[in-house]
Amino acid sequence: MVKDKAPRLFGTNGVRGVVNGTIDAQFAARMGLAFAVSLRRRFGRARVKIGTDTRLSSEMLKSAVVSGLLSGGAEVVDIGMCPSPSIQYSVGNDMDCNGGVIITASHNPPQFNGIKCISADGTEMAREEEEDIERLFFSDISGADWTETGNFFVEEGANNSYMDAILSATDVEAIKKRKFRVIIDCSNGAASCTSPYILEKLGCIVISLNCHPDGLFPGHMSEPTEENLRDTAGVVASLGADIGIAHDGDADRTVFIDENGTYVSGNVSLSIFAKYEVALAIKSGIERPVVVTAIDSSSAVEDVVSEEGGVVRHTKIGSPVVARVMMRDGAVFGGEGNGGTIFSSLHYFRDGAMSAAKMLEIMATTGKKLSELAAEIPVYYQAKGSVDYSSLLKGRGVEAMSEIKNRFMGKLENSIENDLHLSFSVIGKKTIDGIKLYVESRGSCKNWVLVRPSGTEPIIRVASEACDQETAERLVSEIGVFALSIMKKI
Ligand code: MG
């Protein structure tokens, strides 16, 4: 791999930007070239699969990335419009494939798009692999000799293989017997090509909303928030459906609406899955099954996992790191509170359709409605705030931001021991990603507050969770004031 650090291009989920603003054809072609060179240096050859979501600019960016890849000597296989997990599955299950590219900006507004590079096993890239591409992008690379420029192929049927894989990892017969009435909302994104068909094969009565591909997202914006899904929730309740299922734009995430039309938060569905997967693992003879989740996930996950006899490992925020710790520790399940879940029985990346199939499986095998499953999860209350330090940047860029962040976090850690006077006593601290303080609480309920600098914006995020809303808000407010006093001294 190329040494020395280059400016950072990749965020937590690939490179994203406004089309023909921060991300254009020239940029995309250079990314393709850098990826091809990186792969050829590491593997001696490069075969790359590429697919897109439904955005208007996806074909333009795909063609540019393909051009760069071919120029760098890679063989390119275009698998067309697919959900991100379908592209990842296709890459991971092609033994000759060294990597993949997904053209998507996930849940961002329609003017955005992005490029996400995938490892040979279909997982999201480790940071070192991304750094190699970044270093090459900013260095003096050129295309391959004219005799070595790559070949281009089109492959049909990637989504069919992916759908079969989901069905093979699901208890299809148990779900079929229940003939669930399901509202599926694809947010006009890539799941339009797959999820309604998977649900049909699961014997569901399928009513689809926003399941025609449209990069303008006419139904609602492609982030499946409670607000964006208000109409969908109304349809679930009024049509007497058993469940509402909604994906984000590239369908690596899924959120649910119960039979009453109530939005189920991502932390609650994460806890339902964790509880079920640990119980299944224990039944199959695994002792102390491991569940992996990010440091900002609800304590409800720990509560249900330890009650079932499993153990939770916390990681930094972001699905690539959750997936890598799952692989390292042989975890049965992992995910985050944003609707992104990873079932290791199928593969080590987020998969929205797998989440949907698994939730139906849980309802079928337990005989419980979604509202009943949600009611089994301990209730916690959350609050959020932030401290803005953009005025300290004085027009300086990313490097100044990272210097301020580091100084702030150093000062915060030192000051917590001596100068922090909360109206609660601190009983524990974790520094996996930012600083998470556990404070006194009643019974088995856990109260905590997490202070963490944003990776992309000049703000310090403060998030809390508590047994009641008032405590959650007080924690954010008291820590927010303390963080501001430290920021003023920088
Ligand atoms: Mg997504």
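Cys467 counts as buried, at 11% relative accessibility, where buried means under 20% relative accessible area, exposed over 50% and partly exposed in between, with a 1.4 Å probe and protein chains only. The structure holds one disulfide. Its torsion about the S-S bond is about -120 degrees, so the disulfide of Cys445 and Cys467 is left-handed. Cys445 lies in the loop between β18 (435-439) and β19 (447-453), and Cys467 in the loop between β20 (459-466) and α16 (469-488), so the bond ties together parts that are 22 residues apart in sequence. Helices (H or I, at least four residues) and strands (E, at least two) are DSSP runs numbered from the N terminus.

This is a predicted model, in which local features need pLDDT of at least 70 and side-chain atom pairs count only at pLDDT 80 or more, while totals for chains, interfaces and linings use all residues. Residues are numbered from 1 along each chain as its sequence is written, and side-chain values use heavy atoms, with hydrogens and water left out.

Cys193 is partly exposed at 22% relative accessibility, whereas Cys211 is buried at 18%.

Ser119 sits in the loop between β5 (112-118) and α4 (127-137). Ser119 is buried, with a relative accessible area of 5%. Leaving aside residues up to four places away in sequence, Ser119 touches Val91, Asn98, Gly99, Glu124, Met125, Glu129 and Arg324; contact means heavy atoms within 4.5 Å.

The chain as a whole has 16 helices and 20 strands. Buried residues make up 56% of its 490 residues. Of the contacts with a separation of 6 or more, 70% join residues 24 or more positions apart. The radius of gyration is 23 Å, which agrees with the value near 23 Å for a compact globule of 490 residues; the radius is taken over C-alpha atoms, and the globule rule is 2.2 Å times the number of residues to the power 0.38. Along the principal axes, the C-alpha atoms fill a box of roughly 70 × 60 × 45 Å.

Methods
Disulfide = S-S within 2.5 Å.
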